[in-house]
Amino acid sequence: MSKFNADNFIKKYSSYQKAMYIFGIIAVALCGVISKEYPSNIIATFSAVMTLFFIADIILYVVNYFDSSKLFLLFRYVELITFCVLQAMANKSPIIVAVATVFIIIEAVEFVLYKAEYDVSMINMRRYSVILPMVVNLFVVEEKTDEYIWVIFAFLHCLTFIVISIIIEWFVYRTEKYEKTISNINLELSRSEEKNIKLKEFQDRVKMTNEQMNYQKIELTKANKELEQANLEIESQTEMMKYMASTFDIPKCINYITDAVMEVKKSKVCAIYIEKDVYMNQFPSCSIKTNYSSMHRRLNKEIESIYDRVSNNNESVEIIVGDATKNFKFIGDANINAVALLPFSDGKACYGMMLVGSDDVAFFKKGMNYYENCIVEFNVAMNSTKMYLAMEDMARKDGLTGIFNRVYFKQLFSNAVKEIKRKKQPISVALFDIDKFKKVNDTYGHLAGDKVIQMVASIGQEYAQRHGGFTCRYGGEEFLLVLPGYDKESALPILEELHDEIKKTPVVFKEKSISVNVCIGLTSYPELCQDTDVLVSRADNAMYYGKKHGRGRLVVDSQLIDNME
């Protein structure tokens, strides 16, 4: 609601008043032009007075004469008296009387309301002071005209005063209503401020409660995450235990652990290294998993030197964080800020290690239990596997020579044949028998014979391992050597070298040197034999052909051998 008081009202009112001056001047001038009955001196006087007041009003406003409210009220009261006198002088001119009446109302309202604010007594005092110019008007009219005109003027003044009073009362009513509204608004504002203060206090309490709840929520979320992680680790270790109890395949166990660490702990790299000859493995076993593609190749080259560092560290866990991790070449430009090195030990010596890396410097502050439990499970699996492999090895190998026996040879040979057929490669089979072995037993005894068999088996095993093949004790003094991927031309030099080494290696028994010679039969698939099922028998035929024709010979399979038999 806009402020409704004297100042606001008068500011708008004064502009209307100036417009009424101009309108009055024009109306009086037109009156003199249109009707010749009105005295020209009255018209001229009225016009001159209005023009004078109009000009004076503007000039006084410009020079700030009206800054004083008393001077302004005096000027308006003089105007009011003047218009009352002019109205009385022009009593026979209705238009001039009407114009004068309008100006009287305008001047009276402005006089009464000017800076009256809310002082009702001041408004009433000024309102009643307006009666004096009207009384003067009636005295002037009484001297100028008859009683009838005086009565009309008396009625006109009464009506004018009523109009003025109505305007004043309307203003007072609006002002009181405005003030009441303002008072109610202020009261509501005061109440609202009190409510706002209480609401602010309540909001502060709610905010504090929410902060405490958020803190508790964060703590609860953190606890839930830790619980979920703990459950995930327990579940992973349970599955790991089941898996390792179901297999004796150490490389698969290694891969399983590295996959589990990457998935459960969200590490950036995990590697396990087991040195050779731990579980009858001829070569080291290694599994590397990482999120960085280039790191796998670098770590594969560096992992043996890292294992040397772990094995020389008294079997203790080592954690490297920060810039110290950059000493590992495999990290390169990768974002790895924490590395843990954990040894695998059988209680006597270190046989392997686990390497775990992360981009989080505080990664291992969360605990090492999961990794240590993985190592415990792996140690159990390793012990079980070693026992199983030892028993299996006893079943697969010949007790005297330590090379594979004839029973296990059938499985090895079957697998080798399937592989070379899949790859479309050749395979060579050699069967060799110790010449005059019965004479060795009869001359030197069975213990000497055993040493001869062991020597021949050892050289055969050495050549098999050297060239990616395998050998077995096929009979009492008979041995088989299989070379997958070798044809006749490539296998023949190997067997010639093997034959020469056997002949050059004497067996010493009770200070006696025993010379040994063998007869070897060689066949190859598919060059010499088209059927893999008869490869051993074809090698056997070639060997016996050599025995019948002088012993100590290397005979290559051919169709002539069958014909000569």
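Contact here means heavy atoms within 4.5 Å. With that in place, let me start with the model itself. This is a predicted model, in which local features need pLDDT of at least 70 and side-chain atom pairs count only at pLDDT 80 or more, while totals for chains, interfaces and linings use all residues. Residues are numbered from 1 along each chain as its sequence is written, and side-chain values use heavy atoms, with hydrogens and water left out.

First, the overall picture. The chain has 16 helices and 13 strands; these are DSSP runs numbered from the N terminus, H or I of at least four residues for helices and E of at least two for strands. Of the 565 residues in the chain, 43% are buried. Buried means under 20% relative accessible area, exposed means over 50%, and partly exposed is in between, with a 1.4 Å probe and protein chains only. Among contacts with a separation of 6 or more, 65% are between residues 24 or more positions apart.

Now the cores. A nonpolar core is a set of buried Ala, Val, Leu, Ile, Met, Phe, Trp, Tyr and Cys residues joined through side-chain atoms within 4.5 Å. Which residues touch the most other members of the largest one? They are Ile 257, Ile 274, Met 354, Val 356, Tyr 371 and Phe 378, out of 33 residues in that core. At least two residues of this core come from each of α7, α8, β1 (269-274), β4 (338-345), β5 (350-358) and α10 (369-396).

Take Val 356 from that list. Leaving out residues up to four places away in sequence, Val 356 touches Val 261, Ser 267, Val 269, Cys 270, Ala 338, Val 339, Ala 340, Leu 342, Phe 363, Phe 364 and Tyr 371. There is also a second, separate core of 30 residues, including Phe 437, Ala 464, Ala 491 and Val 516. As background, nonpolar side chains tend to be buried together in soluble globular proteins.

Next, helix packing. α8 and α10 pack at an angle of about 170°, with their axes 11 Å apart. Axes are lines fitted to C-alpha atoms, for helices over the stretch in contact, and angles run from 0 to 180 degrees between N-to-C directions. That makes α8 roughly antiparallel to α10. On the cut-offs, angles under 35 degrees count as roughly parallel, over 145 as roughly antiparallel, 65 to 115 as roughly perpendicular, and the rest as oblique. The α8 side of the contact includes Ile 257 and Val 261, and the α10 side includes Tyr 371 and Phe 378. By residue class, this contact divides into 13 nonpolar, one polar and one charged. In that scheme Ala, Val, Leu, Ile, Met, Phe, Trp, Tyr, Cys and Pro count as nonpolar, Asp, Glu, Lys and Arg as charged, and the others, Gly among them, as polar.

The other pair is α12 (residues 437-444) and α13 (residues 446-466), at an angle of about 140° and with axes 7 Å apart. α12 and α13 are therefore oblique to each other. Phe 437, Val 440, Asn 441 and Tyr 444 of α12 meet His 446, Ala 448, Gly 449, Val 452 and Ile 453 of α13. Those residues divide into six nonpolar, three polar and no charged.

Some individual residues now. Thr 247 is in the loop between α7 (147-245) and α8 (250-265). Is Thr 247 buried or exposed? Thr 247 counts as buried, at 16% relative accessibility. Its side chain reaches the backbone nitrogen of Asp 249 at 3.0 Å. Beyond four places in sequence, Thr 247 touches Cys 253 and Thr 385.

Ser 285 is in strand β2 (residues 285-290) and counts as buried at 9% relative accessibility. The side chains of Ser 285 and Tyr 279 are joined by a polar contact of 2.4 Å. A polar contact is a pair of N or O atoms within 3.5 Å; within protein, one must be able to donate a hydrogen and the other to accept it, and residues adjacent in sequence count only if both atoms are side-chain atoms.

Lastly, the backbone. The peptide bond from Tyr 525 to Pro 526 is cis, with omega near 0°. Lys 510, although not a glycine, has a positive phi of about 50°, and Lys 510 is exposed, with a relative accessible area of 67%.
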